[in-house]
Amino acid sequence: MSETQDIGIDALRQLALNLRWSWGRATDELWAQLDPELWALTHNPWAVLQTASPRRVQDLLARPEYRQRVKDLLDRRHQYLTAPAWFQQAHGQSPLSRVAYFSMEFALSEALPIYSGGLGNVAGDQLKAASDLGVPVTGVGVLYQEGYFRQVITADGSQEALYPYNDPDQLPITPVRSQSGDLLRLPVELPGYRVWLRAWQVQVGRVVLYLLDSNDPANPPAVRGITSELYGGGTDLRLQQELLLGIGGWRLLRTLGLEPEVCHLNEGHAAFAVLERARSFMEDSRCPFDAALAATRAGNVFTTHTPVSAGFDRFPPALIERFLRHYAEERLGVSLRDLLALGRENPDDPNEPFNMAYLAVRGSGAVNGVSRLHGEVSRRIFQSLFPRWPNVEVPVAHVTNGIHTPSWESPEADALWTKTCGTERWRQTLESIERDAASASDTELWGLRTAARKVLVDYARERTVQQVAVMGLRADEASAMCVGLDPTVLTLGFARRFAAYKRPNLLLHDPGRLLRILTNVEQPVQLVIAGKAHPADHGGQELIRAWIQFIRRPDVRHRVIFIADYDMLLAEHLVRGVDVWVNTPRRPWEASGTSGMKVLVNGGLNLSELDGWWAEAYEPEVGWALGDGQEHGDDPGWDAAEADALYTLLEREVVPAFYTRNERGIPPAWIAKMRASMARLTPRFSTNRVVREYADSYYVPAATRYRARCADKGELGRQLVRWARDLAQYWPDARFGTLRAATQDTRHDISVEVFLGRLDADAVRVELYAEAANGKGPERHVMVRGRKLDGPVNGYEYSVSIPAVRAAGDYTPRLVPSHPAAVVPLEAHEILWQR
């Protein structure tokens, strides 16, 4: 009997320690039966299992139905982990065996609070989708002792920041051990001392996430605190965290014998991994740093999430010297100046800070933003690194973010999607989703909304009861707030980080007008708000205070609530329950935004600024748009105009659409938008599409290039260094000569003399370029090298014949670097225009 019980307990441990439960939800019943109260509060199976008494666990395992449920779940888990998935079918012969995904934060579950917001949500959702699709990804991050702060709101609306301890014993993680069974402890040298890093493992379906922390007993107190807080402390602490993530993270992979072809940097925080990866290759191949970087950068992918250049991490040169001089000179074999140059726009400016995004760009083979608009913005941001190149050719593409739909859909939404699209819908290629999802009936869609709204209202009331107790409100006010909201009323949601550029108080611009919308007797509206302001952002905290003061008004508190401590559990309830998600950032400061995507799968609609993902998603049939699609900075006049437009949209379109019902009590116009939004946008903005796009367009090509460059101890990398060095040295020799153009019938025949000097003619290419015009993109035509020009100068005539669809004067010859293995201009930004 004891052996059977042990197997059962071990099975529960296996289920609790694989975060597949965070989106499968099939195990929820198991943990609720062990401890319903703790499960409801934490949604942490491992904490529930650790807390339950052995007798309680044994009693449940003795029940045949419980044991059968555990067995069924183990069988399903085994099938999920072993069955071939999309990647194995689509890329079975791929050179890609592993992607290392580095991120400062991962939002996988409220049970593992090592996240702040959007960046972590993107990372966590992409790991889950990689698991579903079988993409061989390994995550690398940080285990923070305290994570991001927890929020308490006082009676006067002040925000208080609390930092509860993340007890590893209560988190769904396990320590990484060496082959001998010892706890793995990784040494990383910092100036004057050695940091011992501990490593932890998180199982996320098929995917493993490794987390590093400095809270090792062998470290002095200040060192143990390096990994204390996410986005806390000053510049020194941030630099140390990023050193441990990038350098320590890559060393951890090497120690574990993992050799990824691709390293994906989710924002520039982990860019030091670029250096350590090159150093490791130097060690293996005995080549110098520049050749090692040229070889390994082909396998690095950098995703930037920052919409303004001020958002990049920058470090003073003196701080880089203090922490990295020895590493540069002794480990990389380069001078401090050369290292600093990798993170500077101007290498000769000794005062320019070290920019982590610049390091990531110069150390990667591909760079992308996170929405179409953000790609355009990022090309402007990085334009200075590619002088004289057209903005459209700055080498930053885009992969628009998405969300992991199984993690965010409600049980009721899951049932409806299963009925229309099948159980495997989010693990396939999504081609039939739009057609199948549109088959849901009006009654089913409205029933989904009605049920979801009630669940949210009930949950909001429960949270409010807890919150007002902490706030210390008068009994009558507390009682009124606790019974607020109505499950039949149109419910708007706004939950974001409270920062000025997100304009969380745009709705509050005219309190009187907002009040009239909220308290309309025939067509009332209610609003659920949540969000944190960074502890150092006093302006953001004042925005929260303004909302709390408005909400405490007797004529408002039954229609608006602010729920404190916005986390994944609260987000889950909000995106499932609200009818409309409101988002009001200043364009173009929302790089992508994913919160609004999460309502799609649950039948919620978006009312958003034309920024980030909504700028490419919006159509009148799927929601409502705010703004004119232009940039207006922080102009208060424009804010006032958009506030007016927001109120008008609510009054004239949103509210009437919700309350105009047919004979069955269903709002037909609302349902039409629901159906279109769910069917068209849910698959398009899912991490299923995102991760497949990364695999097809970034990971597999990067793995191919990396293997080619690293073959023969990096011989191709060495060649590329010589090519780039010659270009930089001899480029000033090049000049254009006579340009000739003749038009005959329907073609332009254009030729130009080019004098290359000491440049190798095979190392460059002459192109004919015309800027975008008449709604068409720019034109590039490769000119053919012809006769060698007379005289001692290394000159040639280049020519091309093109259709005469534009005036010959629209075209300009240019000289650019050329190498079959190089990415231009990412790896060589020289360019010469004929004038």
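Let's start with the second largest pocket. Helix H2 (21-24), helix H7 (64-82), helix H8 (86-90), helix H19 (411-421), helix H21 (442-471) and helix H25 (568-577) each give at least two residues to its lining. Before I go on: this is a predicted model. Please keep that in mind throughout.

Which helix gives the most to that lining? H7 does, with 6 residues. The lining of the second largest pocket counts 47 residues. Nearest the pocket's centre lie Arg20, Trp23, Gly24, Arg25 and Ala26. By class, the lining splits into 18 nonpolar, 14 polar and 15 charged residues. The space inside the second largest pocket comes to about 1,300 Å³.

Stay with H7 for a moment. Leu81 sits in this helix. Is Leu81 buried, exposed or partly exposed? Its relative accessibility is 28%, so Leu81 counts as partly exposed. Which residues does Leu81 touch, if we skip those up to four places away in sequence? They are Asn18, Gly205 and Arg206. Now take Leu81 together with Asp712. They are 631 residues apart in sequence, and their C-alpha atoms are 36 Å apart in space.

Next, a pair of helices. Find H11, residues 235-255, and H12, residues 272-285. They pack at an angle of about 35°, and their axes are 8 Å apart. The crossing of H11 past H12 is right-handed. Who meets whom? From H11 come Leu239, Glu242, Leu243, Gly246, Ile247, Trp250, Arg251 and Arg254. From H12 come Phe272, Ala273, Glu276, Arg277, Arg279, Ser280, Glu283 and Asp284. How does this contact divide by class? There are 8 charged residues, 6 nonpolar and 2 polar.

Look in strand E8, residues 207-213. Leu211 has a relative accessible area of 0%, so this residue is buried. What surrounds Leu211? Set aside the neighbours within four places in sequence. Then Leu211 is in contact with Leu112, Ile114, Gly141, Val142, Leu143, Arg198, Ala199, Trp200 and Val202. Tyr144 is 67 residues away from Leu211 along the chain, yet their C-alpha atoms are separated by 8.9 Å.

The other leucine is Leu506. Where is Leu506 placed? In the loop between strand E15 (490-495) and helix H23 (511-518). Although Leu506 sits in a loop, its relative accessible area is 4%, so it is buried. Again leave out residues up to four places away in sequence. Leu506 then touches Thr584, Leu626, Asp639, Glu642, Ala643, Leu646 and Tyr647.

Which residues of H23 are buried? Arg513, Leu514, Leu515, Ile517 and Leu518. What do these buried residues pack against? Strand E16 (525-530), helix H24 (538-551), strand E17 (560-562) and helix H28 (636-659).

Last part: the backbone. Most residues other than glycine have a negative phi, and most peptide bonds are trans. Here are some exceptions.

Two cis bonds come up. One runs from Arg587 to Pro588, with omega near 5°. Pro588 belongs to the loop between strand E18 (580-583) and helix H26 (595-600). Another cis bond runs from Val824 to Pro825, with omega near 10°. Where does Pro825 sit? In the loop between strand E27 (812-817) and strand E28 (832-833).

Then come two positive phi values. Leu430 is not a glycine, but its phi is positive, at about 70°. Find Leu430 in the loop between H19 and helix H20 (433-437). Asn774 is not a glycine either, and its phi is about 55°. Asn774 lies in the loop between strand E23 (764-770) and strand E24 (779-782).

Buried or exposed? Leu430 is at 13% relative accessibility, so it counts as buried. Asn774 has a relative accessible area of 76%, so it is exposed.

That's my tour. Thank you.

Terms used
Residues numbered from 1 in each chain as written. Predicted model: local features only at pLDDT ≥ 70, side-chain atom pairs only at ≥ 80, totals over all residues. Heavy atoms only, no water. Axes fitted to C-alpha atoms, helices over the stretch in contact; angles between N-to-C directions. Helix = DSSP H or I, 4+ residues; strand = E, 2+ residues; numbered from the N terminus. Left-handed = near helix turned anticlockwise from the far one by under 90°. Contact = heavy atoms within 4.5 Å. Nonpolar A, V, L, I, M, F, W, Y, C, P; charged D, E, K, R; others polar. 1 Å grid on protein atoms, 1.4 Å probe; cavity = no way out; pocket = protein on both sides within 12 Å on 5 of 7 lines; lining within 4 Å. Points joined across faces, edges and corners; volume = space filled by probe spheres on them. Buried < 20%, exposed > 50% of the residue type's maximum accessible area, 1.4 Å probe, protein only.
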